[in-house]
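Thanks, everyone. I have one model to show today, and I will go from the overall layout to single residues. Please look at the sequence and the structure first.

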Amino acid sequence: MVRTVSKSIFATAVAVLLATGVLSAKFPGSKSDHSGQKPADVELVEASQLPNGSTLEPGKYKVSLLTDSGTPEAGFYQNGNLVAKSPVELVDQPQKSSDTEVHYNDAGPAHVLTQIEVYGWTKALVFSQTGAGGSSAK
């Protein structure tokens, strides 16, 4: 009787551990792994405006893709805190980016971000824009 109870408890513990592992696993192609890109460090050398109106001060940011909504967004973090986010289009690159580049539209008084290519990523983050012109900074 004691042996049967021990086997039953052991079997239940194994089942719970397996279920926990399966439920917490990230499967390829799941919504939380939309891009396959890891968060990356990006340095902005001048104040930069996102197309949605948010302004990022010069400094180092960790950029991550946020896929909580139907469209991907770029999230900008400093010291672990989300400081800004903006919708982006993920554009496939022919190969992994060999350098991190930040592109701006300088047609107006503000430096509006248009695109970020991140070292090692196979996708570029393209921000929706109006207007023309542009430059890039590394």
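The protein chain has 1 helix and 11 strands. Helices here are DSSP runs of H or I with at least four residues, strands are runs of E with at least two, and both are numbered from the N terminus. Read from that end, the elements go α-β-β-β-β-β-β-β-β-β-β-β.

A word on what this is. It is a predicted model, in which local features need pLDDT of at least 70 and side-chain atom pairs count only at pLDDT 80 or more, while totals for chains, interfaces and linings use all residues. Residues are numbered from 1 along each chain as its sequence is written, and side-chain values use heavy atoms, with hydrogens and water left out.

pLDDT is the predictor's confidence in each residue, from 0 to 100. Its mean over the protein chain is 75, and 66% of the residues reach 70 or more. Over residues 13–35 the pLDDT is below 50, and this stretch has 12 contacts in the model beyond near neighbours in sequence. A contact means heavy atoms within 4.5 Å. Residues 130–138 also have pLDDT under 50, and for them the model has 23 contacts beyond four places in sequence.

Two more totals for the chain. Among contacts with a separation of 6 or more, 50% are between residues 24 or more positions apart. Of the 138 residues, 32% count as buried. Buried means under 20% relative accessible area, exposed means over 50%, and partly exposed is in between, with a 1.4 Å probe and protein chains only.

Now the open sheet. It has 4 strands in the order β1-β4-β5-β6, with antiparallel pairing. Its edge strands are β1 and β6 (81–87), each of which pairs on one side only. From one strand to the next, the twist averages 35°; the axes are lines fitted to C-alpha atoms, for helices over the stretch in contact, and angles run from 0 to 180 degrees between N-to-C directions. Two strands pair if DSSP finds at least two bridges between them. In general, strands of a sheet pair through backbone hydrogen bonds, either parallel or antiparallel. For β1 and β4 there are 5 antiparallel bridges, and D41 has K62 in β4 as its bridge partner.

In the loop between β5 and β6 we find N79. Its phi is near 55°, a positive value in a residue other than glycine. Is N79 buried or exposed? N79 is exposed, with a relative accessible area of 78%.

H103 counts as buried because its relative accessible area is 17%.

What does β8 pair with? Its partner is β9 (residues 112–117), in the antiparallel sense over 5 bridges, and a hairpin of 6 residues joins the two. H103 stands opposite Q115; these two are 12 residues apart along the chain, with their C-alpha atoms separated by 5.1 Å. Y104 stands opposite L113. As for β9, it is largely enclosed by the rest of the structure, because 6 of its 6 residues are buried.

From β9 the chain goes on to β10. These two strands run antiparallel, joined by 3 bridges, and the bridge partner of E117 in β10 is A124. They form a hairpin with 5 residues between them, and G120 in the turn has a positive phi of about 85°.

K123 is in β10, which covers residues 123–126. K123 counts as buried because its relative accessibility is 19%. Its side chain makes a polar contact with the side chain of D92, at 2.5 Å. A polar contact is a pair of N or O atoms within 3.5 Å; within protein, one must be able to donate a hydrogen and the other to accept it, and residues adjacent in sequence count only if both atoms are side-chain atoms.

Last, the nonpolar core. The term means a set of buried Ala, Val, Leu, Ile, Met, Phe, Trp, Tyr and Cys residues joined through side-chain atoms within 4.5 Å. The largest one has 21 residues, and those with the most contacts inside it are L44, L56, F76, L113, I116, L125 and F127. Two or more residues come from each of β1 (40–44), β4 (59–66), β5 (73–78), β8 and β9.
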